[in-house]
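Here are my notes on the model you sent over.

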Amino acid sequence: MAEKTTNPDAAVTSQAEIDAEISAIHQDYRTQRDAGGVEETNARLNFPPYRSSLLRHPTKSLHHTDPEDIELHSPAFGHRDVSPLEADLTIQHNGEPIGERIIVTGRVLDGDGRPVAGQLVEVWQANAAGRYIHKRDQHPAPLDPNFTGAGRALTGPNGEYSFTTIKPAPYPWKNHHNAWRSAHIHFSLFGTDFTQRIVTQMYFPGDPIFDLDPIYQSITDQAARDRLVATYDHSVSQHEWNTGYRWDIVLSGSNRTWAEEEEEH
Ligand SMILES: [Fe+2]
């Protein structure tokens with residue numbers, strides 16, 4: 001049985017201190033926005049309550065390149081390269097993974113609301129106990145021998161994608177004392193050109209950890225945060241089999257889904 005241990009190196013900042021920092025930054029943002037300032041749609045790269053963002057956020061402006069030049073070297077994915085079976089994360093091993101079976105489906109759209117077909121969507125996530133198969137994730141929650149937590153799919157003609165998986169649990173991280181991430185699924189999308197590539201996270205509605213999670217809160221704008229939260233969709237749930245969630249992803253424009261590490265220029 002796993003033993004709960006106290007890590008002497010664990011950050012000593014309390015959740016209350018983190019909450020106060022988040023609240024002050026958000027208040028400052030709202031004040032500036034209401035005074036005619038810019039509406040932020042992305043995460044802040046330098047967001048002090050998210051401690052490691054201080055050391056690793058980009059400090060120089062992005063390197064500008066010719067998008068057409070990048071296209072010559074960017075990866076291309078044909079239908080033969082991605083099997084439809086790869087979109088089902090519950091059939092990758094000999095047995096059924098433990099947890100709540102879910103379908104996550106939605107559409108990939110461009111900034112004008114047009115579906116983006118034939119695009120690679122990749123996902124990775126923790127298991128139903130909040131554990132990743134990764135050597136850096138050593139917190140005492142069980143691995144599931146029947147769940148790896150990675151899948152991929154190509155969008156269909158209407159930009160739709162669908163994954164069958166297990167609902168991930170929240171997991172602890174070492175940002176501060178008693179720090180937990182809201183449950184989430186990581187998404188990577190390549191888009192129609194290399195400059196549209198986004199890496200982002202999808203969340204589940206009603207997560208009680210939203211207010212406490214500095215990564216989720218590093219997006220200062222409430223509307224932009226809301227766009228990362230899937231909706232429960234009963235028409236996606238199936239009798240005696242799975243519950244269903246719907247989440248659309250916008251690659252560009254003012255309703256763009258927040259993406260990690262990149263800013264649009
Ligand atoms: Fe994660």
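This is a predicted model: local features need pLDDT of at least 70, side-chain atom pairs count only at pLDDT 80 or more; totals for chains, interfaces and linings use all residues.

Where is Asn-178 found: in which loop, and between which strands?

1. Asn-178 first. Asn-178 sits in the loop that links strand S5 (171-173) to strand S6 (179-181). Helices and strands here are DSSP runs, H or I of at least four residues for helices and E of at least two for strands, numbered from the N terminus. The phi of Asn-178 is near 60°, a positive value in a residue other than glycine. For background, most residues other than glycine have a negative phi. Asn-178 counts as partly exposed because 13 other C-beta atoms lie within 10 Å. The scale runs like this: a residue is buried if 20 or more other C-beta atoms lie within 10 Å of its own, exposed if 12 or fewer, and partly exposed in between, with C-beta atoms placed from the backbone.

2. Residues are numbered from 1 along each chain as its sequence is written. The pLDDT is the predictor's confidence in each residue, from 0 to 100. Its mean over the protein chain is 87, and 85% of the residues reach 70 or more. Over residues 5-10, though, the pLDDT is below 50, and this stretch has two contacts in the model beyond near neighbours in sequence. Two residues are in contact if their C-beta atoms, placed from the backbone, lie within 7 Å.

3. The overall picture. The protein chain has five helices and eleven strands. Of its 265 residues, 30% are buried. Among contacts with a separation of 6 or more, 74% join residues 24 or more positions apart.

4. The four-stranded sheet. An open sheet runs in the order S3-S2-S7-S8, with antiparallel pairing. Strand S3 (150-154) and strand S8 (198-203) are its edges, each pairing on one side only. On average, neighbouring strands here are turned by 25° against each other, direction ignored; axes are lines fitted to C-alpha atoms, for helices over the stretch in contact, and angles run from 0 to 180 degrees between N-to-C directions. Two strands count as paired if DSSP finds at least two bridges between them. Strand S7 (residues 184-189) and S8 have six bridges; Leu-189 stands opposite Ile-198, and His-184 opposite Tyr-203. S2 and S7 pair over five bridges, with Ile-185 in S7 as the bridge partner of Gln-125.

5. The other pairings. Strand S1 (residues 101-109) and strand S10 (residues 243-246) pair in the parallel sense over four bridges, and Ile-103 has Gly-244 as its bridge partner. The loop between S9 and S10 holds Glu-240. Glu-240 has a positive phi of about 60° although it is not a glycine, and it counts as exposed because it has 4 C-beta neighbours inside 10 Å.

6. The core. What does the largest nonpolar core contain? It has 39 residues, and those with the most contacts inside it are Val-104, Val-108, Phe-163, Leu-189, Met-202 and Leu-251. Such a core is a set of buried Ala, Val, Leu, Ile, Met, Phe, Trp, Tyr and Cys residues joined through C-beta atoms within 7 Å. S1 gives the most to this core, with five residues. Leaving aside neighbours within four places in sequence, the contacts of Val-104 include Phe-163, Ile-185, Met-202 and Trp-247.

7. Leu-212 lies in the loop between S8 and helix H4 (214-217). Leu-212 counts as buried because it has 20 C-beta neighbours inside 10 Å. Leaving aside neighbours within four places in sequence, Leu-212 is in contact with Gln-15, Asp-19 and Trp-180. Leu-212 and Ala-179 are 33 residues apart in sequence and 7.9 Å apart in space, C-alpha to C-alpha.
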